[in-house]
Amino acid sequence: MSEHRYADRVRSVEMSGIRKLFDAGGPDAINLGIGQPDFDTPDHIKMAAIAAIREGKTGYTPNAGIPELRQAISEKFARENNIAYRPEQVLVTAGGSEALHLAMEALVDPGDRVLVTDPGFVSYAALATIAGGRPESVGLDATLHIDVERAKEQMDGARVFVLNTPANPTGAVESEESIRALVEYANDRGVTVISDEVYEHFIYEKKHVSAARFGEDVITVNATSKTYAMTGWRVGYLAAPEDYIPEFLKIHQYAQACATSISQYAAVAAYTGDQSAVAQMREEYRARRDLLYAGLTGLGLTFPRPEGAFYMFVPMGEALTAKAVENGIIIVPGGAFGSRAPEYARFSYAAPRETLSRAVGRLRRLME
Ligand code: PLP
């Protein structure tokens with residue numbers, strides 16, 4: 001194979017440890033590795049996309065997104081999050097992933113410190129590095145929540161703090177008190193907060209609180225992907241103080257032009273239509289969480305019950321994790337999410353209850 005030259009900032013980034021698992025395991029594998037809903041996209045959303053195709057709405061859209069969708073997202077923020085973002089403050093992207101990318105590229109200069117939780121969602125540190133920044137780990141406490149006092153100590157001189165609640169991979173939901181303290185402290189010190197809220201609807205006891213309620217310099221990232229089981233449609237967005245939008249748009253217009261036209265019409269139906277599917281998915285995730293938690297704690301594994309998203313982060317040791325994967329229980333080793341939790345493994349419970357029961361049964365046999 002010939003050796004080509006690549007930019008250092010790209011070479012230093014590792015392939016996602018989760019993508020590697022996409023094809024893992026034989027025919028008998030139980031896949032709890034992938035973080036995507038196993039539900040189908042609700043029918044009324046699909047029908048809106050089909051109508052858009054039939055009506056020929058298949059060309060480029062305005063770079064920032066179709067006006068109906070920016071309006072629908074603005075109304076969603078008022079209704080669900082108690083935040084007044086005008087449509088002009090919303091930029092529609094190709095999934096939450098592109099929104100995170102735009103925010104990092106627009107904000108981070110070479111060498112800038114970007115604070116990310118460790119363990120945390122795989123993209124944050126990678127995107128910070130691709131933007132030329134230096135990701136810096138923020139630790140979690142024993143309950144897998146952000147250690148607010150320690151995080152504050154790292155804020156001085158940092159450029160960005162990434163907040164993710166409910167969190168991937170831990171399933172932790174931060175309290176209003178913690179969110180307020182982190183955002184106020186960050187903004188006071190000139191640190192911009194990127195708040196990734198893609199799992200906001202999958203919370204089982206507490207309530208979701210949006211970071212933008214507590215500070216002016218907050219960029220809210222969200223997507224249709226998890227909420228409406230639309231990962232493949234690729235619609236996300238960021239919302240921010242208005243002067244940010246043209247800067248994000250500079251990158252978006254050259255790199256992406258616009259999010260998929262058809263998907264944007266589907267997203268309008270998602271935000272303006274019947275929301276009952278979201279509640280149904282939440283209740284099913286709750287039942288699965290309870291089932292998997294009872295199963296794993298029944299095996300003698302002890303850890304706090306996760307409060308949100310559809311992940312369980314389990315301190316089961318590297319040896320048992322490796323043995324589980326070898327025996328077709330596909331879970332993600334904690335090392336994929338940073339450097340501080342190699343002894344954990346992430347189970348995704350976006351899988352049928354029967355699959356979760358089989359995974360617990362197989363794990364029980366491996367532990368005997
Ligand atoms: N943020 C978090 C915390 C995620 O877990 C994911 C996907 O797994 C994303 C963002 C990206 O979502 P999207 O599929 O909309 O790009």
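Mentor: Lys76 has a relative accessibility of 1% and counts as buried. The term buried means under 20% relative accessible area, exposed means over 50%, and partly exposed lies in between (1.4 Å probe, protein chains only). This is a predicted model, in which local features need pLDDT of at least 70 and side-chain atom pairs count only at pLDDT 80 or more, while totals for chains, interfaces and linings use all residues. Residues are numbered from 1 along each chain as its sequence is written, and side-chain values use heavy atoms, with hydrogens and water left out.

Trainee: With which residue does the side chain of Lys76 meet in a salt bridge?

Mentor: Side chains of opposite charge can pair when their charged atoms come close. The cut-off for a salt bridge is a side-chain nitrogen of Lys or Arg within 4 Å of a carboxyl oxygen of Asp or Glu. Lys76 pairs in this way with Glu80, at 3.1 Å from N to O. The two residues are four apart in helix α3 (residues 67-81), and therefore separated by about one helical turn. Helices (H or I, at least four residues) and strands (E, at least two) are DSSP runs numbered from the N terminus. Glu80 is partly exposed, with a relative accessible area of 27%. Glu80 also forms a salt bridge with Arg79, where the closest N and O atoms are 3.9 Å apart. Arg79 is partly exposed, at 48% relative accessibility.

Trainee: How many salt bridges does a search of the whole structure find?

Mentor: The search finds 25. One of them joins the side chains of Glu284 and Arg353, at 2.7 Å from N to O. Glu284 lies in helix α10 (residues 276-298) and Arg353 in helix α12 (residues 353-367), so this pair ties together parts that are 69 residues apart in sequence. Glu284 counts as buried at 18% relative accessibility, and Arg353 as partly exposed at 40%. Through shared partners, salt bridges join Asp38, Glu284, Arg288 and Arg353 into one network.

Trainee: Which residues of helix α6 are buried?

Mentor: In α6 (residues 148-155), the buried residues are Val148, Ala151, Lys152, Gln154 and Met155. Seen down the helix axis, they fall within an arc of 160°, so they line one face of α6. That arc is taken from the directions between the helix axis and the C-beta atoms. Glu149 and Glu153, on the other side of α6, are exposed. The cover over the buried residues includes β3 (113-117), β4 (134-138), β5 (160-164) and α7 (176-188), where contact means heavy atoms within 4.5 Å. After α6 comes Gly157, which has a positive phi near 85°.

Trainee: What is the volume of the second largest pocket?

Mentor: A pocket is an open set of points on a 1 Å grid over the protein atoms alone, with protein on both sides within 12 Å along at least five of seven lines, and lining residues have an atom within 4 Å of a point. Grid points are joined across faces, edges and corners, and a volume is the space filled by probe spheres set on the points. The second largest pocket has a volume of about 280 Å³. Its lining has 15 residues, the closest to its centre being Glu80, Glu200, Lys207, His208 and Val209.

Key: On a 1 Å grid over the protein atoms alone, a cavity is a set of points where a 1.4 Å probe fits but cannot get out, and a pocket is an open set with protein on both sides within 12 Å along at least five of seven lines; lining residues have an atom within 4 Å of a point.
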